[in-house]
Amino acid sequence: MASSGPEPTMNKSSSKSKVIKSIRSCSLSGMKVSKDKLRQKITMPEYLRLAISDAIKAKNINAGKHHFDANKLADFSDDGGDNPPPVAPESPLVVFVNSKSGGRHGSDLLSKLPDLMGVEQVLDLQNIKPHEFVQYGLACLENFASLGDTCAKETRERLRIVVAGGDGTVGWVLGCLGELHKQGRDPVPPTAIIPLGTGNDLSRSFGWGGSFPFKWKTAIKRSLDRALQAPLGCLDSWELLISMPAGEELDTPHALKKTEVVHLDQDLDIDGELPEKVSCYQGVFYNYFSIGMDAQVAYGFHNLRNEKPYLAKGRIANKIIYSGYSAKQGWFFTPCMTDPSLSIRSIVALNLHSYASGRNPWGNLKPEYLEKKGFVEANSDDGLLEIFGFKQGWHASFVMVDLISAKHIAQAAAIRFEIRGGMWEEGFMQMDGEPWKQPMDTDYSTFVDIKRVPFQSIMIKGENSRS
């Protein structure tokens, strides 16, 4: 292209110097993030950090009130002139870290993050639970805001959350933040992810990657900077309710809790009679729920890891052991049942595009196939679950490497599974990778009801979001 004017003259050494500085200011993954500027953007004023910390430790929102009072007194200097009031940061962050996730990376993050923000804004989930932060820490900010503290009000409104952990950890935090919806305490802070788990499907779905980066000290600054300015997306969550004959207690994961008896929707057909006494368990999942031999494999792997934790100290080791454990299970080698027409050994209800470390078993279906089946394109915020089946371990393996498709069954806004024992006295279930053993009665059915939670989680999108 021809020049429209004379070329500007430039000192060659000056030009070379600028190029070198430009190269040095970049990393392989993008522009270098200034530590000082990042800290300024995300760090809360000291009196708020200390008040939040005191409120959480004392489990009392008023425990940090003396910091509020001291700040009000500091607004006036000795000579009678006003001191400038504290200003809310541009995008205050609170980071939850599962220090047991990601091998040593969880503990590494705990030691590194206080260099980038106030130490009180970095919460170790081994010591502070997310519901404690919501119940006392956020409530402390809200209390100060109600007393006319503009800085506390703006900090609360601008707050963003980062979760460093696996899918289970992210779901735990999202569930606690969801309580804000029920209590009318808006806005609910949006959430970003630093992947420290094995599968990290939630992280993959929202563009935060499938593993913790090798050059993590540089990547952590970029991740936090991205969390400040990235666009937001929505994520459906799904309430799961198990109604079973009273008797044996379930050994459930932390995401599934015993609850008061809930009466079943009588508009749906029920085969047989209901027992006189019922036990109910309730929980929420974000990625998937499954019944069958995939859950059995997961259950066996989790027990093995708990009994011999030295065998699985990292993401790669976990995957190798999991694969080996899967190969020796009956999912690959035993017949499913005597009736060959009923060959589904695992049923999965999936919410995300990502399952089992980034696979998409539902597939990217062609428009003509969607129209033929009456399906719509799957998204994590469309109010629908994709239901599919695996025939056996070999079928699941081929699906996972995109050689064949899973058995497409349905898309649904609500689901009821009715399960009755026969030749089996127990089955296996899992949600978001957390499995349990489910007793099955031969006389009375166990019901699993799934319905969408009426509000959505707000997610911060990473650089390659598929949501």
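**Helix packing, sheets and local features of the predicted model**

The axes of helix H3 (residues 46–58) and helix H6 come within 8 Å and cross at roughly 135°. Here helices (H or I, at least four residues) and strands (E, at least two) are DSSP runs, numbered from the N terminus, while axes are lines fitted to C-alpha atoms, for helices over the stretch in contact, with angles running from 0 to 180 degrees between N-to-C directions. The model is a predicted one, in which local features need pLDDT of at least 70 and side-chain atom pairs count only at pLDDT 80 or more, whereas totals for chains, interfaces and linings use all residues. Residues are numbered from 1 along each chain as its sequence is written, and side-chain values use heavy atoms, with hydrogens and water left out.

The crossing of H3 and H6 is right-handed; a crossing is left-handed if the near helix is turned anticlockwise from the far one by less than a right angle, and right-handed if clockwise. On the H3 side, Tyr47, Leu48, Ala51, Ile52, Ala55 and Ile56 meet Glu132, Phe133, Tyr136, Gly137, Cys140, Leu141 and Phe144 in H6, contact meaning heavy atoms within 4.5 Å. The residues of this contact divide into eleven nonpolar, one polar and one charged. In this division Ala, Val, Leu, Ile, Met, Phe, Trp, Tyr, Cys and Pro count as nonpolar, Asp, Glu, Lys and Arg as charged, and the others, Gly among them, as polar.

Helix H6 (residues 130–146) also packs with helix H7 (residues 150–158), the two axes coming within 7 Å and crossing at roughly 140°. That angle makes H6 oblique to H7, and H6 passes H7 in a left-handed crossing. Leu138, Leu141, Glu142, Phe144 and Ala145 in H6 meet Ala152, Lys153, Thr155 and Arg156 in H7. Five nonpolar, one polar and three charged residues make up the contact of H6 with H7.

Two open sheets are described next. In one, five strands are arranged in the order E9-E10-E8-E18-E15 with antiparallel pairing; two strands pair if DSSP finds at least two bridges between them. Strand E9 (256–259) and strand E15 (414–419) stand at the edges with a single partner strand each, so one side of each is left without a neighbour in the sheet. The twist averages 20° from one strand to the next. Within this sheet, strand E8 (residues 238–245) pairs with strand E10 (residues 278–285) in the antiparallel sense over eight bridges, and Leu241 stands opposite Gln282 in E10.

The other sheet has six strands in the order E14-E13-E12-E11-E16-E17, again with antiparallel pairing. Its edge strands, E14 (407–412) and E17 (434–439), each pair on one side only. Neighbouring strands of this sheet are turned by 20° against each other on average, direction ignored. Strand E13 (residues 385–390) and E14 pair in the antiparallel sense over five bridges, with Leu385 opposite Ala412 in E14.

The structure holds eleven aromatic pairs. Rings of Phe, Tyr and Trp (its six-membered ring) pair if their centres lie within 6.5 Å; planes under 30 degrees apart count as stacked, over 60 as edge-to-face and the rest as tilted. The rings of Tyr288 and Tyr355 have centres 5.0 Å apart and planes at 75°, so this pair is edge-to-face. The pair links distant parts of the chain, 67 residues apart: Tyr288 belongs to strand E11 (residues 288–292), and Tyr355 to the loop between strand E12 (346–350) and helix H14 (367–373).

Two backbone features complete the description. A cis peptide bond, with omega about 0°, joins Asp186 and Pro187; Pro187 lies in the loop between helix H8 (167–182) and strand E6 (191–195). Asn200, found in the loop between E6 and helix H9 (201–205), has phi near 55°, a positive value in a residue other than glycine.

Conventions
Angles under 35 degrees count as roughly parallel, over 145 as roughly antiparallel, 65 to 115 as roughly perpendicular and the rest as oblique.
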